[in-house]
Amino acid sequence: MAVARRKLLQSRQVGSLLLFLCISAAGAGTIRYSVAEEMESGSFVANVAKDLGLEVGKLAARGARLVSEGNRLHFRLHRRTGDLFVKEKLDRESLCGKADPCVLHFEIVLVEPLQSFRAEVRVFDINDNAPIFPNKEPLLKIPESTPLGSRFPLQGAQDLDVGLNGLQNYTLSANAYFHLHTRFRSHGPKYAELVLDKPLDREEQPQVNLTITAVDGGSPPKSGTAHIRVEVLDVNDHVPQFSRLVYRAQVPENSANGSLVVTVTATDLDEGSNKKITYSLAQNSEAILQTFQIDSENGEVRLRGPLDFEAIETYDIDIQATDGGGLSAHSKVLVEVVDVNDNPPEVTVSSVSSPLPEDSPLQTVVALFSLRDRDVRVGGKITCFLREDVPFAVKPTFRNAYSLVTDRGLDREEVSGYNITLVAMDTGPPSLSTETVIEVLISDINDNPPVFREDSYILTVRENNSPAVFIGKVHAEDLDLGENAQVTYSLLPPKSGDLSVFAYISINSDNGKLYALRTMDYEAIQDFQFVIKATDGGFPSLSNQVMVRVVVLDDNDNRPMILYPLQNGTLPCNDLVPRSAEVGYLVTKVVAVDGDSGQNSWLSYHLLKASDSGLFSVQQQNGEIRTLRQISERDPMVQRLIILVQDHGEPALSTTASLNILLVDGFSEPFLQFRDPSKQTTMVNPSTKYLVISLAVLSFLFLLSVTVISIIHIYQKIKYREKITIQEHFYDDCNFPNHLVRGANGSLSQPCPYEMSSATGTGTSEFRFLKRFMPNFPFPNGTGEVKPEAGSSLPADSDRNRSRGSEGHARVPNDYM
């Protein structure tokens, strides 16, 4: 019979295994598989691609992955073949305990496009655990007066396996006093009781040793043993009697430790010490002993540890009452755990798409998540919402599964990322909630052009700069990120097509620094402008433009240039001054210009050297040379002056002008030219012949000069008081810079005349050496009235063009003062 029963159990086990190894596709789109526990890592489970109706390789293309509801993933997916394998050896007992069936849940998530499928694997039990007795050597104390048929419950064996592999039967070793009776609990495994078959006699045999064996239904079966020691007590006629055979109690799972569960009572008809009852928790599992405790004096059963309805719903507690004589009675306490809403909803995020492009369309799926509440009987419906006002919304997909989607436009420049708080709340009571933060970063697109810090730039560079000198920089900022914000700078050619700006300026394309490529000359160019373009690195790229103006600053790099008297001849200019001239008589005027600007072109005139420093003075502002005192007969006829013309630059530059002034008695004398003594050179020749010739020539010239002067003096006396106009041509040609000359070829092709009138006022009374530089300058006629030149815009009564009246000496226009 035993062999036949074992074969029947084996055939049922194999049939069940074959039945559950088939894949079940029923129920709400959930894919179901089954495996046996203790399968080695890498064992094949099923082909997921085939079950999902996908072609081979689609899982890899769509980025398939597994997501477990817990913190541990027990399977792995081969995305190329779609095969599902065991990731690690599965132990059903550690995964599910005594729960049957043992089901592991997970999701198959496809990323592109985002999609998920629920799957579960049922782990079947194998007979890998033998029954174990918690107490290997239990002790029973039985009075010798115990009546036949008395039952003594034994501590049950524990087998971690379930179903047919779990505990099935007990056997007892052969003995003369007891036989074994197996009983079933309403909740829990079988347990055995010893039944007394023969009266005990302590004097004949004070102790009986028994061996109990627990056998499971596996193939082959496994077993465990315990050695029972029965101690026979002396006569104690009455055993304790409980008021009830079964006590029942309901305890909320959130009850505090020490809470009263139930109170049991037992009585004994004996007297004395045999009547005193002691209560204890006997023959109970470790879980019960850790959860409950009993007061040995009054029989109060109280909580010792926490209750969890989701783990254990009911407890079956054995209570033992022992009197003072060692007699004991047993009763049961059935504790029903009452579920309360003590578990907040659980949020499991299976997939998050981050970073998210800022141009994502509405209803783009950002994340997938599911909700679960372990309080199955309370709590009610779970609601899910977002705590903050963010451009996202929660959208349900199927039962307890949701997706997070966009419902407004995104702008990375405004908000670069979101910490989205998901709130899952049940209905209680009390209402419990769970907050889960999903971080979503916003990725950049090129939607912002570079922007310059200023509307236009004005830079300065000093002339005579070194080539490649840094003169300034422009800067543009782009609100985008990465390559979209990398700005490069370039010079744009002018619209006129003139590319000369590229010969002056260079720009660093990386940082916008500007460099002058060549030396600037303020006298040639004072300023110029160009356009700079800033382009970002996006695709397509965006750009912006700005106008840059470069102003050249003047340096004092030009010396003053003497316009009059001319200094390019071999002989100095000569001016005539009558010996009868009054104090303050205007002899002549030194005219100079400076090519620089500003204070670098402000000129001052100084008398550097003179034959007689007390005879003439120079006006510092306008260069007019006037007499300081009355000319005497003892003053030499030839007066040599050296005038220093200096600008106001830093450092100041200067030049000198040399001129000779001839003191004459009147203007009837012919014009005399005197050589500059400083320019006379003496030829020193070793040959005596040439020395004699030179001395002879010099002597002849000296005698000729004395003769001419005497003739002129005599002639002037004859023409006493006669009005004479003397016109002197100092040079055959006067060459000036082109930018100061108004003519067809930019030079003066005619000699520069110098005219003055005598003291009587006849003839012209003004200098005319500036006539060729200012053709519109008015000159007075013989009557002293100013007559403008043809086409002149100057008024005839201009003060600066008036004659000096009776003095008749020249006045220089204010334009050169």
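Reader: Which residues touch the most other members in the largest nonpolar core?
Author: Leu514, Phe530, Ile532 and Val548 do, in a core of 27 residues. A nonpolar core here is a set of buried Ala, Val, Leu, Ile, Met, Phe, Trp, Tyr and Cys residues joined through side-chain atoms within 4.5 Å. Buried means under 20% relative accessible area, exposed over 50%, and partly exposed in between, with a 1.4 Å probe and protein chains only.
Author: A word on the source: this is a predicted model, where local features need pLDDT of at least 70 and side-chain atom pairs count only at pLDDT 80 or more, while totals for chains, interfaces and linings use all residues. Residues are numbered from 1 along each chain as its sequence is written, and side-chain values use heavy atoms, leaving out hydrogens and water.

Reader: Thanks! Which elements each supply at least two residues of that core?
Author: Among them are strand 38 (513-516), strand 39 (527-535), strand 40 (543-553) and helix 6 (501-504). Helices (H or I, at least four residues) and strands (E, at least two) are DSSP runs, numbered from the N terminus.

Reader: And what is valine 548 in contact with?
Author: Leaving aside neighbours within four places in sequence, valine 548 is in contact with Tyr457, Leu459, Val474, Leu514, Phe528, Gln529, Phe530 and Ile532. Contact means heavy atoms within 4.5 Å. There is also a second, separate core of 26 residues, which includes Phe242, Val261, Ala321 and Val333.

Reader: New topic: how many salt bridges does a search of the whole structure find?
Author: The search finds 18. A salt bridge is a side-chain nitrogen of Lys or Arg within 4 Å of a carboxyl oxygen of Asp or Glu.

Reader: Why might such side chains pair?
Author: Side chains of opposite charge can pair when their charged atoms come close.

Reader: Which residue does aspartate 527 meet in a salt bridge?
Author: Arginine 549, at 2.7 Å, N to O. Aspartate 527 is in strand 39 and arginine 549 in strand 40, so the pair ties together parts that are 22 residues apart in sequence. Aspartate 527 is partly exposed at 32% relative accessibility, and arginine 549 is partly exposed at 31%.

Reader: What about glutamate 193, buried or exposed?
Author: Glutamate 193 counts as buried, at 5% relative accessibility. Its salt-bridge partner is arginine 151, at 3.6 Å, N to O, and arginine 151 is partly exposed at 45%.

Reader: Which residues are linked in a network of salt bridges?
Author: Arg412, Glu413 and Asp444 are linked that way.

Reader: OK, cysteines. How many disulfides does the count come to?
Author: One, where a disulfide is a pair of cysteine sulfur atoms within 2.5 Å. Cysteine 96 and cysteine 102 form a disulfide with their sulfur atoms 1.9 Å apart. The link is right-handed, with 60° about the S-S bond. Cysteine 102 is buried, at 1% relative accessibility.

Reader: Last one: where does valine 697 lie?
Author: In helix 7 (residues 688-718). Valine 697 is partly exposed, with a relative accessible area of 43%.
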